Amino acid sequence: MLKQKIPGFKNVAFSVLGMTCSSCASRIEKKISELDGVVASRVNFSTEMVFVDFDPQKIILKEIIETVKQIGFDVLITQKNFPVKNLSCSSCVSKVQDILTKNFGVLNAQVNLAVESVRIDYISTISEVNEFKNTLQGIGYDLVINEDDGEKKLKLNNEIVDDSTLIFKRFVFCAFMTSVFFISGLNFVQSFVKEIDLISHNFLLLLIATPVQFFGGGVFYLRAWAAAKHRYSDMNTLIAVGTSAAYLYSLSITLYPDLLLDIGQKGLVYFDSSIMIITLVLMGRLIEGKVKIKASSAIYKLISLQPKTARVERDNLEVDISIDEVVKGDIITVKPGEKVPVDGVIVTGSSSVDESMISGESTPIDKTHEDKVIGGSINKTGVF
């Protein structure tokens, strides 16, 4: 568990891709905890999130991310291009790149002077676009934020997280080949097999099982190898070792049918065990992936309920600005019938607020001074 936040220490959260079981989460947690400067770490397997408390004087965020990658997992990194105004020379390029990379959570920034744009690689759970805009405004440049950034981010995240298409293709292929395999075991087929050489039948089963073993099970071999390189094992190791044992034993019996006759044992093949395990686990991975995608989609749809603009008090005047430009400490006015732009605390006024988008309860809740309000909820009556 994470300890209470210590002054001067950083507390970060980021998404990790490639976890398949709780042992993966434990491995990541243990590896990060061993780093010098890390106070505590916690991995949530269900949400694929990693939470880390660390001392920035001893270790930087990049080292933590590289550690996660070195043990065979990927970190979800957002990459976006933004137009930048007022760029004029190569020194501008250096200034913009340097100031952006100093933002906590930014891994890389690359400026293209010819098209006056910057590509920023950052952890979206740590850094926000409005921070980049405010940083550049402080040195005389203007970062142009597209209002559709949120929708593009959702699409990008879904493309990165959703590897179900590849799993689906492997599963369909394996399911078809497994069906063919078991059809060959039906009674009418077996009566025909008796009329031909059993060894030839075993070679037919080998022909069916081999592509399932190495195409369908390839994903398990790759991840098991990545785990072995870093001296640990996980569920992929179990599947790879178990199915390989059945396959290689059956292959030996097929190539050398008299192998066990000397010890009085009949040579039987177990290709069915290996391909069935691979097919069922792929089906499980496919279902798991679809559930995660639907859950993520529901969360982002909930986030999309947030309005695009906020009415903010600036220099004693109320102005409408993009939601990305709202910063901590802004005073926002919310009128009856409007959505609350961001999470906050009521400083003046009172109202009743519909929070059914969070709680499912349709009855409005009375809010007054110092009560918390949630972004996306609807102000029903008063002004605050």
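Modeller: Let's start with strand β1, residues 10–17, which is joined to β4 by two bridges, the two strands running antiparallel. One of the residues involved is Leu-17, whose bridge partner in β4 is Asp-74. Bear in mind that all of this comes from a predicted model.

Now for the helices. Helix α1, residues 22–33, packs on the sheet and touches β1, β2 and β3 (49–54). Its direction makes about 170 degrees with that of β2. Helix α2 packs on the sheet too, touching β1, β2, β3 and β4, and its direction makes about 30 degrees with that of β1.

Stepping back to the sheet as a whole, it is open, with four strands in the order β2-β3-β1-β4 and antiparallel pairing. The edges belong to β2 (38–44) and β4 (74–75); each has a single partner strand, so one side of each is left without a neighbour in the sheet. As a general point, strands of a sheet pair through backbone hydrogen bonds, either parallel or antiparallel.

Zoom in on α2, residues 61–70, and you'll find Thr-67 there. Is Thr-67 buried or exposed? With a relative accessible area of 10%, Thr-67 falls under the 20% cut-off and therefore counts as buried. A polar atom of the Thr-67 side chain lies 2.8 Å from the backbone oxygen of Glu-63. Leaving aside residues up to four places away in sequence, Thr-67 touches Lys-31 and Leu-35. As for disulfides, a search of the whole structure finds zero.

For another piece of pairing, look at strand β12, residues 351–354. Both faces of β12 are covered: Ser-351 and Val-353 are buried on one side, Ser-352 and Asp-354 on the other. β12 pairs with strand β13 (residues 365–367) in the antiparallel sense over three bridges, and Val-353 has Ile-365 in β13 as its bridge partner. β12 also pairs with strand β15 (residues 378–379), again antiparallel, over two bridges. There, Asp-354 stands opposite Ile-378.

Key:
Residues numbered from 1 in each chain as written. Predicted model: local features only at pLDDT ≥ 70, side-chain atom pairs only at ≥ 80, totals over all residues. Heavy atoms only, no water. Buried < 20%, exposed > 50% of the residue type's maximum accessible area, 1.4 Å probe, protein only. Polar contact = N/O pair within 3.5 Å; in protein donor to acceptor, adjacent residues only side chain to side chain. Contact = heavy atoms within 4.5 Å. Pairing = 2+ DSSP bridges. Axes fitted to C-alpha atoms, helices over the stretch in contact; angles between N-to-C directions. Disulfide = S-S within 2.5 Å.
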